[in-house]
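Okay, thanks for coming, everyone. Have a look at it on the screen.

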Amino acid sequence: MASSVLISNLTHEWVETMKRWHLELFCIPTVVITLATFLVNPVLLMCIFLSRTLRQETRYLLVANTLTADIIFLIFNLITLIGNAVGAQIPWIVCELLSAVLVTAYCCAILTVTLMVADTFAAVRWPLYYHDFLSPARTNCTLVGLWVLSAIYPFTLMIIVKKDRGSYEKVPICLALISLGFLQVKNIGAIYLYFFVTALVCAFLIFYCYIRLYIVTRTQGIWHSRFSRARVTVLSHGVLLLLYFAPGFVFILELFMFQREGVSQDVRVWISTVNACVFMLLPRAFAPYLYGLRYREIAESLIALLPHHKRLSQITLS
């Protein structure tokens, strides 16, 4: 009963703050960015999966997994934010399930982009053994492992607190921050430390791979030109990695501030709303262009699907 009262108080205070600042208007950029991403991601996934050559390469399977995780995140994020904006009464168990799926999809995307950097490092560092070691079958098993690893922690937390939650209680707002923050209030542990350590490990691995790549390739002349392909590629990937990791660190900060006294409720709500409606969507909007269309083979596959290109091919053959 105490947990039900605590959840009710948390959610109603949050709703009152959102209404006072009219933060439901942030759904507009959320819908725009989400729809713009939906126009590109499924097309790129189709290009990868319809091409037997692309399906056999690890880097394209990793791109496909990132885009898939992004689509899942965008769908459930949009459902959650629209439900919050219209004031839908959501059962608490459904809210916890939505939060677990969102955390799983976000973590899987982070782990996959980290693995993409490690994959590039392995391809450059050990070119003779790379294809034998990272076969398509092993890559698929690795991707399944990433999804399982991403899902273990959020769904385990959901199961642990099953006996303490009000299964049929409905809440006026559903946010992953409130779900995980409630677990912290219930003394489940410093959840933000788990995400912080995981993010640091991924960031360290990325920095290590890029530094080693530069050391290994600095004598090959690919870095001499200011606008060389290597420099542009590292810059674009660096920007995208920053866009992926920055919202995660902001979310960790939100969890840290959730139960801290002296932090204004308005500050908590503003940071959470801007992060969920804008910052977390930006990497998913840029990913198709910085990780997808930058690959020449994917771009060529996409062009081949265009009706205009097919007509030109038929005219040329005739």
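Predicted model: local features only at pLDDT ≥ 70, side-chain atom pairs only at ≥ 80, totals over all residues.

For a disulfide, the two sulfur atoms would have to be within 2.5 Å. C202 is also buried, at 6% relative accessible area. Another cysteine, C47, is buried as well, with a relative accessibility of 1%.

So which cysteines do form a disulfide? That would be C95 and C174, whose sulfur atoms are 2.3 Å apart. The count for this model is 1 disulfide. As a quick reminder, a disulfide is a covalent bond between the sulfur atoms of two cysteines. The torsion about the S-S bond of C95 and C174 is about 100°, so this disulfide is right-handed. C95 is in helix α6, residues 92–125, while C174 is in the loop between β2 and α9, so the pair ties together parts that are 79 residues apart in sequence. Buried or exposed, these two? Both C95 and C174 are buried.

Stay with C174 for a moment, and look at N84. The side chain of N84 has a polar atom 2.8 Å from the backbone nitrogen of C174. N84 belongs to helix α5, which covers residues 58–85. N84 is buried too, because its relative accessible area is 11% and the cut-off for buried is under 20%. Setting aside neighbours within four places in sequence, the contacts of N84 are I90, I173, C174 and L175.

Now let's zoom out a bit. The protein has 318 residues, and 46% of them are buried. In terms of secondary structure, we have 15 helices and 2 strands. If you take contacts between residues at least 6 apart in sequence, 85% of them join residues at least 24 apart. The accessible surface is about 16700 Å², with 70% of that belonging to carbon and sulfur atoms.

On to the rings. How many aromatic pairs are there in the whole structure? The search finds 11. One of them is F121 with W126: their ring centres are 5.6 Å apart and the planes are at 85°, so we call that pair edge-to-face. F121 is buried, at 8% relative accessibility, whereas W126 is partly exposed, at 43%.

Then there's F196 with F249, with centres 6.2 Å apart and planes at 75°, so that pair is edge-to-face as well. F196 sits in helix α10 and F249 in helix α11, so here the pair ties together parts that are 53 residues apart in sequence. F196 is partly exposed at 33% relative accessibility, and F249 is partly exposed at 29%. There is also a cluster, where ring pairs link Y153, Y194, F195 and F251.

The charged end of R260 sits over the ring of F256, 4.4 Å from the ring centre. Over at F73, the charged end of R284 sits over the ring, 4.3 Å from its centre.

That's my tour. Happy to go back to any of these on the screen.

Key:
Residues numbered from 1 in each chain as written. Heavy atoms only, no water. Helix = DSSP H or I, 4+ residues; strand = E, 2+ residues; numbered from the N terminus. Buried < 20%, exposed > 50% of the residue type's maximum accessible area, 1.4 Å probe, protein only. Polar contact = N/O pair within 3.5 Å; in protein donor to acceptor, adjacent residues only side chain to side chain. Contact = heavy atoms within 4.5 Å. Areas by Shrake-Rupley, 256 points an atom, 1.4 Å probe, with all protein chains shown as cover. Phe/Tyr/Trp six-rings, centres within 6.5 Å; stacked < 30°, edge-to-face > 60°. Lys NZ or Arg CZ within 6 Å of the ring centre and 35° of its normal.
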